[in-house]
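Me: I have a chain open in the viewer. Could you show me how to read its features one by one?

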Amino acid sequence: MIKHIVMWHVRGTSDADKATAIAQVKSSFESLRGQIPGLLHLELGIDTSRIDYACDVVLYTEFDNQDSLNAYASHPEHLRVKQELADLRISRFQVDYTPH
């Protein structure tokens with residue numbers, strides 16, 4: 001198993017703008033459930049801390065192996081989501097790891 005975690009800061013000049021962007025990120029990624037072979041688990045979290053250094057949204061996914069994660073990167077549904085969200089993010093952080 002490999003875990004893939006991505007965190008974003010999203011655009012928005014107001015709390016309402018950011019909330020709309022966060023809702024779009026959540027909806028777009030949740031649409032991938034059942035669409036990607038080897039994607040075992042997908043979870044999205046929205047920051048509640050409001051700490052200035054916290055990211056706005058986190059994506060937590062589990063894949064059965066590295067090949068499945070690699071295939072996800074170029075899967076048409078994942079590419080669709082990336083395109084939908086391209087203008088919403090300010091920054092992105094990622095960690096992939098195999099639990100021991």
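Reply: Start with the element labels. Helices (H or I, at least four residues) and strands (E, at least two) are DSSP runs, numbered from the N terminus. Take Ser68: this residue lies in helix H2, residues 66-74. Keep in mind that the model is predicted.

Me: Is Ser68 buried or exposed?

Reply: Use the cut-off. Buried means under 20% relative accessible area, and exposed means over 50%. Ser68 has 10% relative accessibility, so this residue counts as buried.

Me: Which residues does Ser68 touch, leaving out those up to four places away in sequence?

Reply: Ser68 touches Pro37, Gly38 and Phe63 on that count.

Me: Now the whole chain. How many helices and strands does the chain have?

Reply: There are 3 helices and 4 strands. Read from the N terminus, the order is β-α-β-β-α-α-β. The radius of gyration is 14 Å, close to the 13 Å that the globule rule gives for 100 residues, so the chain is as compact as a globular protein of that length. The C-alpha trace spans about 40 × 30 × 20 Å along its principal axes.

Me: What share of the residues is buried?

Reply: Of the 100 residues in the chain, 34% are buried. The chain exposes about 6100 Å², and carbon and sulfur atoms supply 52% of that area.

Me: How do I read contacts against sequence separation?

Reply: Take the contacts with a separation of 6 or more. Residues 24 or more positions apart account for 70% of them.

Me: Next, the core. Which members of the largest nonpolar core touch the most other members?

Reply: The general idea comes first. In soluble globular proteins, nonpolar side chains tend to be buried together. Here the largest nonpolar core has 20 residues. Trp8, Val25, Phe29, Leu32, Leu44, Leu59 and Tyr72 touch the most other members. Six elements are listed as suppliers of at least two residues each: E1, H1, strand E2 (39-46), strand E3 (57-63), H2 and helix H3 (76-85).

Me: Take one of those residues. What does Val25 touch beyond four places in sequence?

Reply: Val25 touches Trp8, Val10, Leu44, Val57, Leu85 and Leu88.

Me: Why does the pair of Trp8 and Phe29 tie together separate parts of the sequence?

Reply: Trp8 lies in strand E1 (residues 2-10) and Phe29 in helix H1 (residues 15-30), so the pair links parts that are 21 residues apart in sequence. Both partners are covered. Trp8 is buried at 7% relative accessibility, and Phe29 is buried at 4%.

Me: And what is the geometry of the pair of Phe63 and Tyr72?

Reply: Phe63 and Tyr72 are also tilted, at 4.9 Å centre to centre and 55° between the planes. Phe63 is buried, with a relative accessible area of 0%. Tyr72 is buried too, at 2%.

Me: Now charge. How many salt bridges does a search of the whole structure find?

Reply: Side chains of opposite charge can pair when their charged atoms come close. The search finds 4 salt bridges. One of them joins Asp56 and Lys18, at 3.3 Å from N to O. Asp56 lies in the loop between E2 and E3 and Lys18 in helix H1, so this pair ties together parts 38 residues apart in sequence. Asp56 is buried at 12% relative accessibility, whereas Lys18 is partly exposed at 24%.

Me: How accessible are Glu77, Arg80 and Glu84?

Reply: Glu77 is partly exposed at 26% relative accessibility. Arg80 is partly exposed at 29%. Glu84 is partly exposed at 37%.

Conventions. Residues numbered from 1 in each chain as written. Predicted model: local features only at pLDDT ≥ 70, side-chain atom pairs only at ≥ 80, totals over all residues. Heavy atoms only, no water. Buried < 20%, exposed > 50% of the residue type's maximum accessible area, 1.4 Å probe, protein only. Phe/Tyr/Trp six-rings, centres within 6.5 Å; stacked < 30°, edge-to-face > 60°. Contact = heavy atoms within 4.5 Å. Core = buried A, V, L, I, M, F, W, Y, C linked by side-chain atoms within 4.5 Å. Rg over C-alpha atoms; globule rule 2.2 N^0.38 Å. Areas by Shrake-Rupley, 256 points an atom, 1.4 Å probe, with all protein chains shown as cover. Salt bridge = Lys/Arg side-chain N within 4 Å of Asp/Glu carboxyl O.
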